[in-house]
Amino acid sequence: MKFNTKTIHGKQHPDKAYGAVMPPIYQTSTYAQTTPGGHKGFAYSRSHNPTRHALENAFASIENGEFGLAFGSGLAAIDAVMKLLKPGDEVISTNDLYGGTYRLFTSIFEGFGIKFHFVGMENAANIENYINEKTKLIWVETPTNPMLNIIDIKAVALIAKKHGVLLSVDNTFATPYLQQPLDLGADIVMHSATKYIGGHSDLVMGALIVKDKDLADKLYFIQNASGAICGPQDSFLALRGIKTLHVRMQRHCENGKAVAEYLASHPKVESVYWPGFKNHLNHNIAKTQMKDFGGMLSFNTKGNNYEEAIKVVENLKIFTLAESLGGVESLVGHPASMTHASIPKAEREKIGVVDSLIRLSVGIEDEEDLINDLKQALG
Ligand code: P1T
């Protein structure tokens with residue numbers, strides 16, 4: 001089965017009870033047993049729920065994995081991965097990543113004795129400088145949030161394998177429509193399904209997908225033991241979102257390209273960060289590992305002026321000023337004060353998240369309307 005067909009049919013079957021084509025929302029916490037342990041595979045909804053189960057199968061299918069796990073948020077999914085570790089273990093992470101992931105690593109897991117190295121991975125070989133016998137996990141976000149850096153997943157996977165270290169890839173920005181990290185050698189794929197997977201800004205959810213049974217068992221144990229699952233209603237919405245992922249992504253990519261090119265040609269714009277540009281540092285890697293370049297981009301106005309940036313984000317009318325990304329509607333964000341505010345200023349400025357940076361999640365509206373909106377806001 002090819003990707004577009006998988007989004008609709010992958011590991012999906014009509015419901016056993018009445019043949020419903022979409023799995024019903026099994027809004028139940030528990031299931032009748034005929035004798036202790038005598039149930040139909042579902043005992044309690046933290047452990048298993050049929051609607052969530054259908055979604056978890058869809059996650060596995062679209063990422064070319066064997067096992068999918070759904071969580072109450074992207075951060076809950078990351079939290080589960082970190083619980084594979086023990087005090088004293090070390091993690092090597094991309095230095096440009098979602099502010100909430102950075103906060104979880106530094107404010108929660110550092111306190112539990114796990115050490116994090118935040119490293120520029122645009123040249124994958126740099127990772128080797130930080131590997132030692134305590135290294136247990138490499139955490140990669142690509143494209144990165146918000147600088148749209150590209151990391152060579154295949155090259156990082158070779159390093160991870162060589163040293164017997166797990167590789168987890170946050171695939172939120174790309175989605176499996178653009179890249180499938182398990183096929184490139186990653187052990188775990190993670191999603192904030194809140195974003196493109198859900199696609200309609202109406203749910204908060206996380207996902208993990210793996211191929212290996214032992215790893216799946218460990219993560220399932222954590223999912224059930226810690227309990228950060230998502231509910232059946234949200235599972236239904238995410239499953240519905242997946243069925244149109246490929247058509248939405250195609251339009252996000254087309255509009256992303258049009259907006260990136262418009263901004264790059266605008267006299268008031270200083271720099272545009274988008275992996276589709278030939279002069280993007282890892283454009284050639286993006287071209288090889290991704291099908292297209294996505295709908296996310298960031299930019300600075302001339303003079304890198306904070307007040308100017310705030311004026312632009314306030315003036316936009318179709319782009320809504322809001323946290324999050326990946327929905328059908330275009331959003332604009334100011335990373336320094338919003339999504340990345342939990343990263344200390346000195347740290348975020350080292351990687352380009354300056355006070356004048358503006359991030360766009362380009363939606364699937366008409367391209368001309370989006371460009372006209374940017375024109376009036378910059379004017
Ligand atoms: O918000 P949540 O579903 O918990 O997902 C966290 C997360 C993880 N990874 C990436 C790459 C993300 O972008 C996010 C969430 N990001 C935003 C809310 C944002 O506006 O960037």
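Analyst: In α2, the buried residues are Pro50, Thr51, Arg52, Ala54, Leu55, Glu56, Ala58, Phe59, Ala60, Ser61 and Ile62. Here buried means under 20% relative accessible area, with exposed over 50% and partly exposed in between (1.4 Å probe, protein chains only). That makes 11 of the 13 residues of α2 buried, so the helix is largely enclosed by the rest of the structure.

A quick word on the basis: this is a predicted model, where local features need pLDDT of at least 70, side-chain atom pairs count only at pLDDT 80 or more, and totals for chains, interfaces and linings use all residues. Residues are numbered from 1 along each chain as its sequence is written, and side-chain values use heavy atoms, leaving out hydrogens and water.

Helix α2 covers residues 50-62, and at 1.5 Å a residue it should span 18 Å; its end C-alpha atoms are 19 Å apart, which agrees. That expected span is 1.5 Å times one less than the number of residues.

Now for the ends. Asparagine 49 caps the N-terminal end of α2, with a side-chain oxygen 2.9 Å from the backbone nitrogen of threonine 51. After α2 comes asparagine 64, with a positive phi near 55°.

Elsewhere, ring pairs join Tyr102, Phe105, Phe116, Phe118 and Trp139 into a cluster; rings of Phe, Tyr and Trp (its six-membered ring) pair if their centres lie within 6.5 Å, with planes under 30 degrees apart stacked, over 60 edge-to-face and the rest tilted. Tyrosine 102 is buried, at 12% relative accessible area.

Notes. Helix = DSSP H or I, 4+ residues; strand = E, 2+ residues; numbered from the N terminus. Polar contact = N/O pair within 3.5 Å; in protein donor to acceptor, adjacent residues only side chain to side chain.
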